[in-house]
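Here is a short briefing to read alongside the model. It moves from the ligands to the domains and then to the helix pairs.

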Amino acid sequence: MQAFEAVQHYFNKGADELGLDASLRKLLVQPERELTVQIPLKRDDGTLETLIAYRVQHNSARGPYKGGLRYHHHVDLDEVRGLASLMTWKTAIVNLPYGGAKGGVTVNARDLSKEEKERVTRKFVDAICVVIGPDLDIPAPDMGTGHEEMAWFMNQYAKYHGFNPGVVTGKPVEHYGIPGREEATGRGVGLLTLKTLSRLGRKADGATVALQGFGNVGSHTAKFLTEAGCKIVAVSDHTGARRDPAGLDVMALWRHTGEASSFVNNFAGGEAIPAEELLELEVDVLIPAAVGGVIHSGNANRIKAPIVIEAANAPVEPEADELLYERGIVVLPDVLANAGGVTVSYFEWAQNRQFYRWTLDRVRGELDRTLTHAFDSIWDRAKERDRSLRTTAFTVGIERVAKATQLAGLG
Ligand SMILES: NC(=O)C1=CN([C@@H]2O[C@H](COP(=O)(O)OP(=O)(O)OC[C@H]3O[C@@H](n4cnc5c(N)ncnc54)[C@H](O)[C@@H]3O)[C@@H](O)[C@H]2O)C=CC1
Ligand SMILES: O=C(O)CCC(=O)C(=O)O
């Protein structure tokens, strides 16, 4: 199943629960606007390359469009469409005053120098500046982007519309960012992993975890869970995987991956294992925190972890989702599991609009409160109605977006 089709599949299950009529379904499922643009990139060696980039604005019934920018070689319009629609449901599920969007450039971020990344980002802003803005569409980091890209983004936007830090979130803390945004997605994943363990009557202390991906989300998830007493027994990235049944030294891995050209495959701790094997280990919790579609009908029956936490967007394909559900494996869906990032983006945006500084304690406290509320209500409703957490989360999100659409006079 293609990315957008997969989200539509989940949307339809939620819409069935609500008995949503066909005309409203059509309105809510289709993106409101899609932009495909060309990015001329002057490489450092003087050659010219033409990249393709996208911004899909899926739905704005509940507020300005919100969603990250991905620099990855697999980016295409269908993937961005799928990710944009996930953002609509995610922001509604955690009850943020936003719609959903996503952007992407089809390029391998690791092939670009820092200067080339800056030129790509500025050209991207040049191409989409008419459809973004603090009340219109607010990008943020995703795979292959981080606080540097967001700072360049804000600076380039100012050349068209004047200074306004609320046009983008995930900026450097010293440059209109908020303390805690960088850790937010991983911290949220960690918090909700602990809540899932607790609801299932399992102890966090000593719980074993296999983690795919050690970028922004994966590394912060690993740190949070280690501090909570869990044992990270396997980690992978795009270069390979390492395993240690006694628990990997997560902080040593942090220091190692912080250095240029240092990846999981050349980390000294643990033993090397084939990357696909990580997903099939006998662990208490499996956390895919990298790319989409890694758990599919071909490997779902070999997943042994009783809990899967979707830190990445769309790591489990719909056919696999059914198989895992039938096997009693608890899947905490992306639209809830990784919503900590956009939640703290919201705090950053609110801070920017007030020109008021939030403290890290306040950010963490409000993040915890927001995610706990969303998690508890979805968990309880799923148990009451005997539905999966994903179908229940979609039902909650769709209900809110449909209500806003109707209140606005449509639908
Ligand atoms: N950054 C954020 O705040 C948010 C990110 N996400 C999602 O989390 C996931 C990861 O994003 P980030 O950590 O920000 O990206 P990142 O670019 O910081 O890190 C990506 C990590 O995945 C690894 N990776 C790539 N391909 C892989 C493969 N085939 N197998 C194993 N590892 C692989 C990379 O080596 C790297 O360690 C994505 O799905 C993203 O959409 C979701 C919500 C917010
Ligand atoms: O922080 C944000 O605004 C968006 C994060 C994002 O792209 C995501 O949750 O997938």
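Predicted model: local features only at pLDDT ≥ 70, side-chain atom pairs only at ≥ 80, totals over all residues.

A residue is called near a molecule or strand here if its C-beta atom, placed from the backbone, lies within 6 Å of it. Residues are numbered from 1 along each chain as its sequence is written, while chains are lettered from A and ligands numbered from 1 in the order in which they are written.

**Around ligand 2**

- The residues surrounding ligand 2 are Lys66, Gly67, Gly68, Lys90, Ala140, Asp142, Thr169, Asn313, Asn338, Gly341, Val342 and Ser345.
- Strand S3 (65-72) and H12 are the elements that give two or more residues to that shell.
- Its classes are two nonpolar, seven polar and three charged residues.

**The two domains**

- The chain is assigned domain 1 (29-168) and domain 2 (182-332), with bounds that come from an automatic or database domain assignment.
- Taken over C-alpha atoms, the centres of domain 1 and domain 2 are 27 Å apart.
- Five residues of domain 1 are in contact with four residues of domain 2, where contact means that the C-beta atoms of two residues, placed from the backbone, lie within 7 Å.
- On the domain 1 side of this contact, helix H3 (residues 77-93) gives the most, with three residues.
- That side of domain 1 has two nonpolar, three polar and no charged residues.

**H12 with H13**

- Helix H12 (residues 340-354) and helix H13 (residues 360-385) have axes that come within 10 Å and cross at roughly 130°. Axes are lines fitted to C-alpha atoms, for helices over the stretch in contact, and angles run from 0 to 180 degrees between N-to-C directions.
- H12 and H13 are therefore oblique to each other; angles under 35 degrees count as roughly parallel, over 145 as roughly antiparallel, 65 to 115 as roughly perpendicular and the rest as oblique.
- Their crossing is right-handed. A crossing is left-handed if the near helix is turned anticlockwise from the far one by less than a right angle, and right-handed if clockwise.
- Gly340, Thr343, Val344 and Phe347 of H12 make the contact with Val363, Glu366, Leu367, Thr370 and Leu371 of H13.
- Sorted by class, this contact has five nonpolar, three polar and one charged residue.

**H4 with H5**

- Helix H4 (residues 114-128) packs on helix H5 (residues 147-161) at about 40°, with the axes 9 Å apart, which makes H4 oblique to H5.
- H4 passes H5 in a right-handed crossing.
- Lys117, Glu118, Thr121, Arg122 and Val125 in H4 meet Glu149, Trp152, Phe153, Gln156 and Tyr157 in H5.
- Four nonpolar, two polar and four charged residues make up this contact.

**H7 with H8**

- H7 and helix H8 (residues 250-257) pack at about 155°, with their axes 10 Å apart, and are therefore roughly antiparallel.
- The crossing of H7 and H8 is left-handed.

Technical notes
Helix = DSSP H or I, 4+ residues; strand = E, 2+ residues; numbered from the N terminus. Nonpolar A, V, L, I, M, F, W, Y, C, P; charged D, E, K, R; others polar.
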